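Subject: Structure handover and findings

Hello,

Here is the structure for you to take over. Please open it alongside this note.

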Amino acid sequence: MIKMILFRKFRVLILMVFLVACTMHIMIDLLPKLEKRAAGPETGNGGCQCTHNPSEEAGSWGKQRARSVAEPGWPNKHTLRILQDFSNEPSSNLTSHSLEKIPAAGERAESFKRMKQYDGAADNQKPLIRDASRGKNVAAPGIFRLPSLFEHPLYKTDLPTLTDDDTLFNVNTDIRLYPKAAGNQEWHNEANVEEEEYPPTGEVTAESYPNWLRFHIGINRYELYSRHNPVLDSLLKDLVTQRITSVVMKSGGTQLKLIMTFHNYGQALFKPMKQTREQETPPDFFYFSDLERHNAEIAAFHLDRILDFRRVPPVAGRLVNMTREIRDVTRDKKLWRTFFISPANNICFYGECSYYCSTEHALCGKPDQIEGSLAAFLPDLALAKRKTWRNPWRRSYHKRKKAEWEVDPDYCDEVKQTPPYDRGSRLLDIMDMTIFDFLMGNMDRHHYETFDKFGNETFIIHLDNGRGFGKHSHDELSILVPLSQCCRVRKSTHLRLQLLAKEEYQLSRLMEESLLRDRLHPVLIQPHLEAMDRRLRLVLQVLAVCVEKEGYSNVVEVDDHHWAREARGGRDTATHRNPGHR
């Protein structure tokens, strides 16, 4: 009998605790509405976030959530724990070279002028520099080297005539597979709404497509984009100016990346700023635990273009408002739940990923502005399949084990006998990628991709370059092992490297000039630019040793796109070697 009474009392106690908890949750749900009602209509903005400052942000959080709580699919509990999280380093996104810092009065006008110059870059197609009359940033004589470089004969070679088999899409048929292209031609080009014109017959031309789609159409067997494609500058401008309508976390990967969708239906991969430009990778860090850098993605695109590879998708830097352009537009509940306000009244978030996604490694704005890189998406895999290949010189990604190529000096001989490296241009592509990575100091090249439509007779895509430019005081010579083992290089690559080593076309100055176009200029600090010149000399030294050892004709190969003729049913054109070539 006593046990029954105790059991009933226990049940009553549990019920009371449950009722108290429900009451607290109801009160918490009503709290934002009460705050909004208490603010009254006299505020005049109805919770609008047109302007932000640290003192207003904390108070407006509840109002903004009240608007969103009625939308389907959102969490229906406004947890106070969001306001109680703390960031380890709320100022970790600041750098002396960051646009997030408020410029002094004398520099503000220069920064604004540089932004206006960038907006006109697509039309003028001229490198941007600050006003020399200011005295502070006087341009050195002959700084406009890029136009001269791109007019050099080495940068004006012609491609073979393209057939339907050489283009990724057929404009008249394949492009209709794009759902937006097929059903809606109102691309919402916000920059030129009044200037948009459509053919009177109602027929759709390629010029009426948005820039991201025109970029996709231009991809062919030999390149992601042509040298003087006017769409490129327009696409870079879109990455910076297009309104962001949706944000979700990218699945997979070790660090946080966001997929951003724009008002014109284009998409880009956003990598937020995690380190200042001056921070070097600590010497005790393994390459696979290093932080990815947004400025490395930007600089890699410009370096790839200067080397004339054109295998990196377009990338631009952008200053993103974390409140309006990420938190308020995301439908990713997991991402939304990681937003919080730091003790310094800055907006922070950390998302979900394998590494560095925690409160201790949160990304914080000032108060809600954060730098990041935006890389234009390649065509959807459902429309243009890509094949992923394991890099033959992939590292072990182990703290103690070494990869086979690190212990076998004859490793390249085995690679040369293995498809697809035994014929065509694939091995030469690997050498190009090796040089590209060494100039950046990128040790994290474990895989690469190609477009499936073109088989093995096509270029390799240089994706995911965020671990480049981590060290400027150290040259990782192990990155050059494929080049020193195989002693093979394209003639065009070799000639361009020699050109970029000359004073007239110095690589560091060309990079500095090219990066002036980016909204987040300066993208690289001077020591990183100087390191590229030093590494370029090391590459040429390795090739000089190869030529001395094996002969010029056995090392330097003419790249006449003979493998393209093979792809179209021509004669057998496996990579030619002289009899003495190993």
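Below are the findings on sheets, disulfides, helix packing and backbone.

This is a predicted model: local features need pLDDT of at least 70, side-chain atom pairs count only at pLDDT 80 or more, and totals for chains, interfaces and linings use all residues. Residues are numbered from 1 along each chain as its sequence is written, and side-chain values use heavy atoms, with hydrogens and water left out.

Helices (H or I, at least four residues) and strands (E, at least two) are DSSP runs, numbered from the N terminus. Two strands pair if DSSP finds at least two bridges between them.

**Five-stranded sheet**

Five strands make an open, antiparallel sheet in the order β1-β2-β3-β8-β4. Its edges are β1 (244-249) and β4 (315-321); each has a single partner strand, so one side of each lacks a neighbour in the sheet. Neighbouring strands are turned by 35° against each other on average, direction ignored. Axes here are lines fitted to C-alpha atoms, for helices over the stretch in contact, and angles run from 0 to 180 degrees between N-to-C directions.

Five bridges pair β3 (residues 267-272) with β8 (residues 369-376) in the antiparallel sense. Phe270 has Leu374 in β8 as its bridge partner. Helix α8 (residues 230-241) packs on the sheet and touches β2 (258-262), β3, β4 and β8. Its direction makes about 15° with that of β4. Contact means heavy atoms within 4.5 Å.

An open sheet of three strands runs β5-β6-β7, with antiparallel pairing. The edges are β5 (340-341) and β7 (363-364), each with a single partner strand, so one side of each has no neighbour in the sheet. Two bridges join β5 to β6 (residues 347-349). Phe340 has Cys348 as its bridge partner in β6.

Cys348 also forms a disulfide with Cys364, S to S 2.1 Å. The partners are Cys348 in β6 and Cys364 in β7, 16 residues apart. The link is right-handed, with 110° about the S-S bond. A search of the whole structure finds four disulfides (cysteine sulfur atoms within 2.5 Å).

**Helix packing on α17**

Helix α16 (residues 507-515) packs against α17 (residues 526-550) at about 140°, with axes 8 Å apart. The contact includes Leu507 and Met511 of α16, and Leu529 and Leu536 of α17. Its residues divide into five nonpolar, two polar and three charged. Ala, Val, Leu, Ile, Met, Phe, Trp, Tyr, Cys and Pro count as nonpolar, Asp, Glu, Lys and Arg as charged, and the others, Gly among them, as polar.

Helix α13 (residues 426-440) packs on α17 at about 145°, with axes 8 Å apart. This crossing is right-handed. Ile435, Phe438, Leu439 and Met440 in α13 meet Met532, Arg535, Leu536, Leu538 and Val539 in α17. By class that is eight nonpolar, no polar and one charged.

**Backbone points to check**

The Lys366 to Pro367 peptide bond is cis, with omega near -15°. Pro367 sits in the loop between β7 and β8. Pro419 and Pro420 are also joined by a cis peptide bond, omega about 0°. Pro420 lies in the loop between α12 (411-416) and α13. Asp308 is not a glycine, yet has a positive phi of about 70°. Asp308 is in the loop between α9 (294-306) and β4.

Best wishes

Note on methods. A crossing is left-handed if the near helix is turned anticlockwise from the far one by less than a right angle, and right-handed if clockwise.
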